[in-house]
Amino acid sequence: MAEHPSLRIGLTGGIGSGKSTVARMLVELGAALIDTDAIARALTLPGGAAMEAIRLEFGPTAIDETGSLDRARMRDLVFADASAKVRLEAILHPMIGIECNQQALAAAGRALVFDVPLLAESGHWRARVDRVLVVDCSEATQIERVMQRSAWSREAVQAVIDRQANREARRAIADAIICNEDLSLAALTQEVGILWGNWMRVEQSRRSSGAFPS
């Protein structure tokens with residue numbers, strides 16, 4: 001009998017929501033994490049597979065003194081020019097997709113968590129995963145968290161939030177939502193563990209019966 005494909009979880013949430021913390025918890029519970037942001041960073045480091053195409057498309061000013069993508073300059077350009085975002089994504093997204101597939105194959109047999117910050121904005125990710133988990137919190141909380149962990153101004157954080165899908169759009173595609181507003185780390189760990197346990201029981205049932213439940 002052919003082996004059933006592993007459960008594929010799409011994990012998303014706005015900046016400062018605590019999505020990365022939830023991702024680490026899922027890994028500790030046994031999931032294999034495929035982090036699209038980490039893949040994008042690797043592609044745009046010195047010698048990264050995307051760097052020559054970026055240089056050709058945006059010119060040498062898009063590259064910093066180390067040979068990697070100048071993220072601050074590119075962020076400013078994308079905010080100022082919507083077409084720049086489209087051009088950058090046209091370079092990165094196919095490469096990210098290839099690497100995601102390779103990592104998924106390497107983790108065969110384990111539940112897969114695809115950490116996709118822009119899952120709600122994507123036209124294809126929802127169809128590629130079996131379940132979507134959204135980590136949610138208020139915009140005020142997002143702003144305070146990002147300001148505390150970085151040197152960004154309130155305005156800079158708000159600008160990123162404004163470019164992302166709003167909370168309602170993310171919640172609308174969710175199979176489960178973790179409201180990470182006032183949760184302690186212990187409480188968040190407990191919520192993630194309960195959800196993981198429930199989904200793994202459904203997955204075991206699917207593997208036993210050969211059918212994927214709705």
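Predicted model: local features only at pLDDT ≥ 70, side-chain atom pairs only at ≥ 80, totals over all residues.
1. Accessible areas here come from the Shrake-Rupley method with a 1.4 Å probe, and for residues only the protein chains shown count as cover. On that basis the accessible surface of the protein is about 11,300 Å², and carbon and sulfur atoms hold 55% of that area.

2. Residues are numbered from 1 along each chain as its sequence is written, and side-chain values use heavy atoms, with hydrogens and water left out.

3. Now the overall fold. The protein has ten helices and five strands, where helices (H or I, at least four residues) and strands (E, at least two) are DSSP runs numbered from the N terminus. The radius of gyration is 18 Å, close to the 17 Å that the globule rule gives for 214 residues, so the protein is as compact as a globular protein of that length. That radius is taken over C-alpha atoms, and the globule rule is 2.2 Å times the number of residues to the power 0.38. Along the principal axes, the C-alpha trace spans about 55 × 40 × 25 Å.

4. Of the 214 residues, 42% are buried (under 20% relative accessible area; exposed is over 50% and partly exposed lies in between, with a 1.4 Å probe and protein chains only). Contact means heavy atoms within 4.5 Å. Among contacts between residues at least 6 apart in sequence, 74% join residues at least 24 apart.

5. Rings of Phe, Tyr and Trp (its six-membered ring) pair if their centres lie within 6.5 Å, with planes under 30 degrees apart counted as stacked, over 60 as edge-to-face and the rest as tilted. The ring centres of Phe-114 and Trp-125 are 5.2 Å apart and their planes stand at 50°, so this pair is tilted. Phe-114 belongs to strand E3 (residues 112-115) and Trp-125 to helix H6 (residues 125-128), eleven residues apart, so to speak of the pair is to speak of a link between distant parts of the chain. Both Phe-114 and Trp-125 are buried.

6. Which residues of helix H7 (residues 139-149) are buried? They are Thr-141, Gln-142, Ile-143 and Val-146. The cover over these buried residues of H7 includes helix H8 (154-163) and helix H9 (167-172).

7. Is Ala-31 buried or exposed? With 1% relative accessibility, Ala-31 counts as buried. Ala-31 sits in the loop between helix H1 (19-28) and strand E2 (32-35). Setting aside neighbours within four places in sequence, Ala-31 is in contact with Leu-26, Arg-110, Ala-111, Val-113 and Trp-196. The C-alpha atoms of Ala-31 and Leu-7, 24 residues apart along the chain, are separated by 9.5 Å.

8. Gln-103, in helix H5 (residues 82-106), is partly exposed with a relative accessible area of 27%. Not counting residues up to four places away in sequence, Gln-103 touches Leu-33, Ile-34 and Ile-39. Between the C-alpha atoms of Gln-103 and Arg-8, 95 residues apart along the chain, the separation is 13 Å.

9. Finally, Arg-41 lies in helix H2 (residues 36-43) and, at 41% relative accessibility, counts as partly exposed. Apart from neighbours within four places in sequence, Arg-41 is in contact with Asp-35 and Arg-71.
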